[in-house]
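Here is a short briefing on one chain.

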Amino acid sequence: MALGLRFFTCLVFTVCIVASADAAISCGTVASSLAPCANYLSKGGVVPGPCCEGVKSLNGMAQTTPDRQQACRCLQSTAKGLSGLDPSLASGLPGKCGVSIPYPISMSTNCDNVK
């Protein structure tokens with residue numbers, strides 16, 4: 001678990017370095033907002049309250065097209081580095097937290113088309 005968390009943190013910092021300059025939202029913000037969701041996204045169960053708080057906070061921060069596109073890219077980059085991530089749990093997370101987002105949470109989502 002600790003090794004996975006270290007890898008996740010390193011991956012997020014790497015992605016932050018190459019993040020888009022147009023977006024005000026950073027991959028670090030995305031990662032810290034969703035960090036409480038990590039266990040749920042791999043094992044399922046009850047969605048933790050802090051996870052939903054992070055999802056709602058992130059949704060509130062991503063108000064512009066560049067921010068939503070950057071958040072999408074960060075989510076995909078981070079997900080690629082996580083072993084054991086259940087894609088169906090990830091795609092259903094916004095709905096479980098009562099949040100509606102304008103694009104599907106999926107590795108196949110083209111983030112450039114997110115408006």
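A nonpolar core is a set of buried Ala, Val, Leu, Ile, Met, Phe, Trp, Tyr and Cys residues joined through side-chain atoms within 4.5 Å. The model is predicted. Its largest nonpolar core has 24 residues. The disulfide count is four. The largest pocket has a volume of about 630 Å³.

- Helix 4 provides the largest share, four residues.
- Leu41 touches Gly84, Leu85, Asp86, Leu89, Ala90 and Leu93, leaving aside residues up to four places away in sequence.

**Disulfide pairing**

- A disulfide is a covalent bond between the sulfur atoms of two cysteines.
- The chain has four disulfides.
- With the bonded cysteines numbered in sequence order, the pairing reads 1-6, 2-3, 4-7, 5-8.

**Cys27 and Cys74**

- A disulfide joins Cys27 to Cys74, with an S to S distance of 1.9 Å.
- The bond links distant parts of the chain: Cys27 sits in helix 2 and Cys74 in helix 5, 47 residues apart.
- The torsion about the S-S bond of Cys27 and Cys74 is about -80°, so this disulfide is left-handed.
- Both Cys27 and Cys74 are buried.

**Cys37 and Cys51**

- Cys37 is bonded to Cys51, S to S 2.0 Å.
- This pair also links distant parts of the chain, 14 residues apart: Cys37 lies in the loop between helix 2 and helix 3, and Cys51 lies in helix 4.
- The S-S torsion of Cys37 and Cys51 is about 105°, so the disulfide is right-handed.
- Cys37 counts as buried because its relative accessibility is 0%, where the cut-off is under 20%.
- Cys51 has a relative accessible area of 0%, so Cys51 is buried too.

**Cys52 and Cys97**

- Cys52 and Cys97 form a disulfide, with sulfur atoms 2.1 Å apart.
- Here the bond ties Cys52 in helix 4 to Cys97 in the segment after helix 6, distant parts of the chain 45 residues apart.
- The torsion about the S-S bond of Cys52 and Cys97 is about -80°, so the disulfide is left-handed.
- Cys52 has 13% relative accessibility and therefore counts as buried.
- Cys97 is buried because its relative accessible area is 5%.

**Largest pocket**

- The volume of the largest pocket is about 630 Å³.
- Its lining takes in 34 residues, and Leu34, Leu41, Leu75, Ala90 and Ile105 lie nearest its centre.
- Helix 2, helix 3, helix 4, helix 5 and helix 6 are the elements that give two or more residues to the lining.
- Helix 5 gives the most to this lining, with nine residues.
- The lining residues divide into 28 nonpolar, four polar and two charged.

**Where core and pocket share residues**

Terms used:
Residues numbered from 1 in each chain as written. Predicted model: local features only at pLDDT ≥ 70, side-chain atom pairs only at ≥ 80, totals over all residues. Heavy atoms only, no water. Buried < 20%, exposed > 50% of the residue type's maximum accessible area, 1.4 Å probe, protein only. Contact = heavy atoms within 4.5 Å. Disulfide = S-S within 2.5 Å. 1 Å grid on protein atoms, 1.4 Å probe; cavity = no way out; pocket = protein on both sides within 12 Å on 5 of 7 lines; lining within 4 Å. Points joined across faces, edges and corners; volume = space filled by probe spheres on them. Nonpolar A, V, L, I, M, F, W, Y, C, P; charged D, E, K, R; others polar.
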